[in-house]
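Hi,

Here is the structure I promised to pass on. Have a look at it first, and my notes follow below.

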Amino acid sequence: MTGHHTNYHNSTTCLSQAESLSLLALSAACVAVLANTFQGDGYPLIASLALGGLAFSATFSMIRWLGPTFMRAGLKGVDMSKHHKKELPECMGAIAAMVYLLAVIVFIPFPFYKDIVAATSGGGNRDVVMHVEHVQEGRFLHRFPHGKLASYLSAVMALQSISLLGIGDDLFDIRWRHKFFIPAFASIPLLVVYFVDFGVTSVVIPTPLQPYLGELFNLGALYYVYMASVAIFSPNSINILAGINGIEVTQSIVIALLLAFNDCLYLLTPYPHPATDSHLFSLYFLVPFLGVSFALLWHNWYPARVFVGDTYCYFAGMVFVVVSILGHFSKTLILLLIPQIFNFVYSVPQLFGLVPCPRHRLPRFNARTGLLEPSVTPWTPERQPKPPVAWALKTLDKVKLLRVTLDEEGRFVETSNFTILNLWLVWRGPLREDRLAMEITGMQVVVGLFGLFVRHRLALILFKQDNLGV
Ligand code: UD1
Ligand code: MG
C-alpha cells in the first residue's frame with residue numbers, strides 16, 4: 001500500500017486554505033438562502049440553486065478526502081495518456097451520485113411546502129367558517145398533489161437503481177452484454193408514472209405527411225418500448241464517448257445546460273404555459289446535477305487527479321432520461337444526444353464484432369510528442385477482414401471516415417478504432433489531450449444549439465405549431 005501512498009501528498013488529499021475558505025463561504029451563503037426560502041412565497045427554484053451550491057461544496061471536498069480510501073478498496077485506474085503512468089482513484093462519480101441523491105431527497109419539502117401547509121391547515125382560509133367534520137380532521141389531503149410527489153419519487157428511485165448498477169459495474173467490471181439492458185429496468189418506475197399521469201402515446205405527424213397519416217399517430221405500447229430504448233441508450237452512449245480526461249463530465253454538463261436553457265424558455269413565456277410545470281420539475285433535477293458535475297470536473301479535467309467511473313456515465317445519462325420522460329420532451333433529448341448517437345452508430349462495426357474490438361479504444365498517447373493519435377486495431381496476414389467488410393473499410397477510408405493502413409500486397413495492417421475521438425484525430429491530426437476535449441465539447445455545444453434551434457424554429461415548418469406557443 002505504501003507504494004501507492006507515496007504518490008499521494010497532502011495537497012491531493014486535503015483542501016488548501018483558499019479552497020476551504022471559498023467552500024465555507026459558498027456553503028454559508030447557500031444555507032442562508034435556504035433558510036430564507038421558508039419565508040414569504042418560498043420559491044423552490046431558489047432553494048434548488050442553494051442546494052446545488054451545497055452539493056458542489058460537498059462533492060468537491062469529499063472527492064479530495066475519499067480518493068485514497070477508494071484506492072485502498074481497489075477502485076483505481078491508470079491514466080494511460082501520460083508520461084508517468086500514475087494510478088488515480090476510479091469511480092469518483094459514486095460520490096457525486098450519492099451527494100446528488102441526498103440533495104434531491106432533502107429538496108422534497110420545498111416544492112411541496114405550500115401544498116403541505118394548504119392541505120394540513122386549510123391554507124389561509126382559516127377565517128372561512130369550517131364544517132365540524134373538517135375541523136375534526138383538520139386536513140385537506142385531497143388537495144395535496146400526490147401525483148407530482150409520485151413523479152418525483154419515481155425519479156429518485158430510477159436514479160438510485162442506476163447508481164447501484166454503476167457502482168457494481170465499477171467494482172466487478174460487468175460484461176457489457178450483461179449490463180446493457182439494466183437501465184430499462186431502472187426506468188420502470190418512470191414509465192409507470194408516465195402511464196398513470198400522461199398516458200400520451202401518440203406522436204404528431206409532420207404537416208406534409210398529414211394527408212396520408214392523419215394529424216396524430218398513436219404508437220400505443222410501442223411508445224413505452226421507445227422510452228425504454230431512450231433509457232438504455234442515453235447512459236450507455238455517454239459511457240462509450242469516454243477515455244480522455246474530462247470528456248465524460250463536459251459532455252454531460254453541456255447536455256444539462258442545454259436542457260436547462262430549454263426549460264428556462266418555458267419559464268419566461270408571458271403567460272403560464274401548460275408545460276411550465278414539467279420544465280420547472282426538470283430544473284429541480286438539473287440544478288443539483290450541475291452542482292455535483294462541476295465539482296467532479298474540477299478534479300477530472302486535464303491533467304486528471306481522479307476518474308469518474310462508469311457510475312457517473314450511467315447516472316448522468318439517467319438524469320437526462322428522468323427529466324425528459326417526466327417532462328414529456330424525450331425527442332428534445334434525442335436532438336441533444338446527436339454526437340453520442342453518431343459515436344454509437346459509428347461504433348457499431350466494433351460493438352457487433354465485424355471488426356475486432358479491443359478492451360480500450362481510447363486514443364493512443366505518443367510519448368515522444370506528448371500528443372494523442374488515433375488508436376488502431378491491428379490485422380495479421382492470417383486474420384483479414386471478410387471481402388464485404390474489407391470493401392466497406394476501404395470506402396470509409398476514401399471518404400475520410402476512417403484511417404486504413406495497407407501493406408504492399410494490399411493486405412490490411414491496421415485500421416483506426418471506430419470512435420468519434422479517434423475520427424476527430426484522423427481529421428485534425430495529433431492533438432494534446434485537453435485540446436481534444438475542448439474541441440469535442442465545443443463541437444457538441446454547436447450541434448446542441450443547432451438541435452434546439454431546429455426544435456423550436458424548423459418545427460414550425462414541419463408541425464403547424466411549436467408547443468412553446470410563440
Ligand atoms: C469505454 C469504452 C472503451 C474506452 C473506455 C475509456 C467502448 C465500447 N468502451 O469502456 O473503448 O477505452 O470507456 O473510459 O467504447 N482512462 C484513461 N483516461 C481517461 C479516462 C479513462 O486512461 O481520461 C482509462 C483508465 O485506465 C480508467 C479506464 O479508462 O481506469 C476506465 O475504463 P472503463 O470506464 O472501465 O471502460 P468502459 O466504460 O468499459
Ligand atoms: Mg466507462
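A definition to start with: patches are made of residues with over 30% relative accessible area and no salt bridge, where like charges are joined within 9 Å and nonpolar side chains (Val, Leu, Ile, Met, Phe, Trp, Tyr) within 5 Å. A salt bridge here is a side-chain nitrogen of Lys or Arg within 4 Å of a carboxyl oxygen of Asp or Glu, and accessible areas come from the Shrake-Rupley method with a 1.4 Å probe, with only the protein chains shown counting as cover for residues.

This is a predicted model, in which local features need pLDDT of at least 70 and side-chain atom pairs count only at pLDDT 80 or more, while totals for chains, interfaces and linings use all residues. Residues are numbered from 1 along each chain as its sequence is written, chains are lettered from A and ligands numbered from 1 in the order in which they are written, and side-chain values use heavy atoms, with hydrogens and water left out.

**The nonpolar patch**

On the surface, Phe181, Phe185, Ile188, Val192, Phe195 and Val196 form a nonpolar patch with about 660 Å² of accessible area together. Helix H11 (residues 188-197) gives the largest share, four residues; helices (H or I, at least four residues) and strands (E, at least two) are DSSP runs, numbered from the N terminus. Phe181 sits in the loop between helix H9 (176-179) and helix H10 (182-186). Pro189 is also found in helix H11, but Pro189 is buried because its relative accessible area is 17% (buried means under 20%, exposed over 50%, partly exposed in between, with a 1.4 Å probe and protein chains only).

**The magnesium ion**

Which residues coordinate the magnesium ion (ligand 2)? Asn239 (OD1) and Asp310 (OD) do, at 2.0 to 2.2 Å. The pair links distant parts of the chain, with Asn239 in helix H13 (residues 221-240) and Asp310 in helix H16 (residues 309-326), 71 residues apart. Asn239 and Asp310 are both buried. Donors are N, O and S atoms within 2.8 Å of the metal (3.2 Å for Na, K and Ca), and water is not among the atoms, so sites may look incomplete.

**Backbone details**

Tyr302 and Pro303 are joined by a cis peptide bond, with omega about -15 degrees. Pro303 lies in the loop between helix H15 (276-300) and H16. His328, not a glycine, has a positive phi of about 60 degrees, and lies in the loop between H16 and helix H17 (330-336).

Best wishes
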